[in-house]
Amino acid sequence: MANVAIMGYGTIGSGVAEVLMENKAEIARAAGEEVQLKYVLDVRDFPDSPVADKLIHDFSQIENDPDVQIVVETMGGLNPAYPFVKACLLAGKHVVTSNKALVAAHGTELLQIAREKGINFFFEASVGGGIPIIRPLYRCLAGERITEITGILNGTTNYILTKMDKEGASFEETLKDAQELGYAERNPEVDIEGYDTCRKIAILTAMVTGKEVNYEEIYTEGITKITDVDFRYAAQMGTSVKLFGSSHIDNGEVHAWVAPVMIGKKHPLYAVSDVYNGIVVKGNMLGTSMYYGSGAGKLPTASAVVADIIEAVQNKGHNVPIGWSNEKQPIADMATAAYRYFVRVEGKAAERCAEVEAAFGKCRVIEIDGLDEFAVLTGRMAEGDFRARMEKIPGIRQVIRAELED
């Protein structure tokens with residue numbers, strides 16, 4: 001029998017407990033032995049919960065109990081998650097986490113401790129919620145040279161942008177709606193400013209390159225400047241706007257960034273809507289593959305955590321090669337990345353188009369009746385080059401990177 005302790009009985013932690021109890025037979029069959037929940041650590045009491053008899057408040061009970069072989073961390077944040085997880089690994093216990101902040105900030109150290117101890121630090125649920133993506137990268141795609149990972153990695157921002165797209169609502173209105181539905185936090189900064197997506201693409205990039213990625217070096221731009229007017233243009237162009245976390249790997253050079261992107265209907269991520277996530281992976285032999293599903297939520301995320309528990313049980317005696325080394329992966333300057341650009345400019349196209357094209361070259365022009373502005377779609381050029389040319393054009397109201405066919 002494998003004994004498990006859960007640290008944090010919030011949304012995900014309670015979901016893990018539920019899956020362990022509800023799917024007990026299936027888990028035992030997959031793991032090769034029974035998996036038993038022994039402790040649930042939380043500062044709160046839950047007298048009417050199914051785990052009331054397992055609740056504890058002292059972390060040392062988990063750390064010092066030799067019968068606890070696997071610890072699940074679902075507290076979130078870094079404190080006390082980081083010291084607790086590190087202590088569990090040093091005590092020789094396998095650790096499973098859904099905490100992307102922890103993995104992005106301290107994954108290199110925690111993976112190294114796990115290797116040295118001959119145990120495992122698993123984090124499938126830290127990216128994409130219930131979507132399998134970490135395990136496919138180190139198992140199913142192990143023989144591939146990955147050239148790109150691009151994903152819609154945050155359900156909150158995808159819900160907001162989808163609602164703006166379909167209903168023509170403003171960003172402020174849609175954010176308020178998302179908060180009322182529980183899709184967005186009262187303080188939504190981590191989601192809407194792109195920080196959550198940034199940590200997730202950092203983890204995926206580290207998985208692909210095998211090197212440590214500092215998420216603070218990744219260019220990050222959120223969705224707070226996207227407006228209903230942008231979606232009016234998008235509707236006329238047959239496009240949409242999504243928040244992407246993207247990593248492009250070419251001969252060891254890595255461009256990684258987070259930003260809103262205008263895409264067309266042929267893009268594999270175009271149809272990923274509402275709170276769902278989608279991740280596109282490109283390999284040099286496989287070509288393009290896509291992973292789609294619930295990127296968050298109690299039971300989808302808990303399902304991914306339990307899959308990691310099963311793998312830990314299956315590998316009690318040795319470390320599974322996963323993750324990255326402590327070698328640093330440089331992230332290329334954003335100025336050297338190349339895109340097309342959707343640009344909104346004040347004034348009439350008939351009067352200013354020549355001026356705009358003199359700066360950007362031949363552009364596609366888009367106009368909407370009743371607006372005192374027009375938009376252009378530029379050709380592909382390096383970001384630094386675009387920014388320099390942009391200085392020559394007064395009255396630019398919006399810029400959105402674009403991945404669109406000619």
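**Helix pair H7 and H8**

I started with helix H7 (residues 155-167) and helix H8 (residues 171-180), whose axes come within 9 Å and cross at roughly 130 degrees. For my own record, axes are lines fitted to C-alpha atoms, for helices over the stretch in contact, and angles run from 0 to 180 degrees between N-to-C directions. Helices (H or I, at least four residues) and strands (E, at least two) are DSSP runs, numbered from the N terminus.

This is a predicted model, where local features need pLDDT of at least 70, side-chain atom pairs count only at pLDDT 80 or more, and totals for chains, interfaces and linings use all residues. Residues are numbered from 1 along each chain as its sequence is written, and side-chain values use heavy atoms, with hydrogens and water left out.

H7 and H8 are therefore oblique to each other; angles under 35 degrees count as roughly parallel, over 145 as roughly antiparallel, 65 to 115 as roughly perpendicular and the rest as oblique. Then I looked up which residues meet. From H7 I noted Tyr159, Ile160, Lys163 and Met164, which meet Phe171, Thr174, Leu175, Asp177 and Ala178 of H8 (contact means heavy atoms within 4.5 Å). By class I get six nonpolar, one polar and two charged residues in the contact of H7 with H8. The classes: Ala, Val, Leu, Ile, Met, Phe, Trp, Tyr, Cys and Pro count as nonpolar, Asp, Glu, Lys and Arg as charged, and the others, Gly among them, as polar.

**Helix pair H1 and H2**

Next I took helix H1 (residues 11-22) and helix H2 (residues 24-31): their axes come within 5 Å and cross at roughly 80 degrees. That makes H1 roughly perpendicular to H2. Val19, Leu20, Met21 and Glu22 of H1 meet Lys24, Glu26 and Ile27 of H2. I get four nonpolar, no polar and three charged residues in the contact of H1 with H2.

**Cysteines**

Cys353 counts as buried at 16% relative accessibility; buried means under 20% relative accessible area, exposed over 50%, partly exposed in between (1.4 Å probe, protein chains only). Cys88 is buried too, at a relative accessible area of 0%.

**Two buried residues**

I found Thr378 in the loop between strand S15 (373-377) and strand S16 (381-382). Thr378 is buried, with 0% relative accessible area. Leaving out residues up to four places away in sequence, Thr378 touches Arg340, Tyr341, Val343, Phe360 and Cys363.

Gly293 sits in strand S12 (residues 287-294) and is buried at 12% relative accessible area. With residues up to four places away in sequence not counted, Gly293 touches Ile131, Tyr276 and Asn277. I also noted 9.3 Å between the C-alpha atoms of Gly293 and Ile279, 14 residues apart along the chain.

Asn79 and Pro80 are joined by a cis peptide bond, with omega about 15 degrees. I placed Pro80 in the loop between strand S4 (68-73) and helix H4 (81-90).

Asn251 has a positive phi, near 50 degrees, and is not a glycine. Asn251 lies in the loop between strand S9 (239-250) and strand S10 (253-264), and is exposed at 79% relative accessible area.

Is Asp274 buried or partly exposed? Asp274 counts as partly exposed, at 31% relative accessibility. Its loop runs between S10 and strand S11 (276-283), and phi of Asp274 is positive as well, near 55 degrees.
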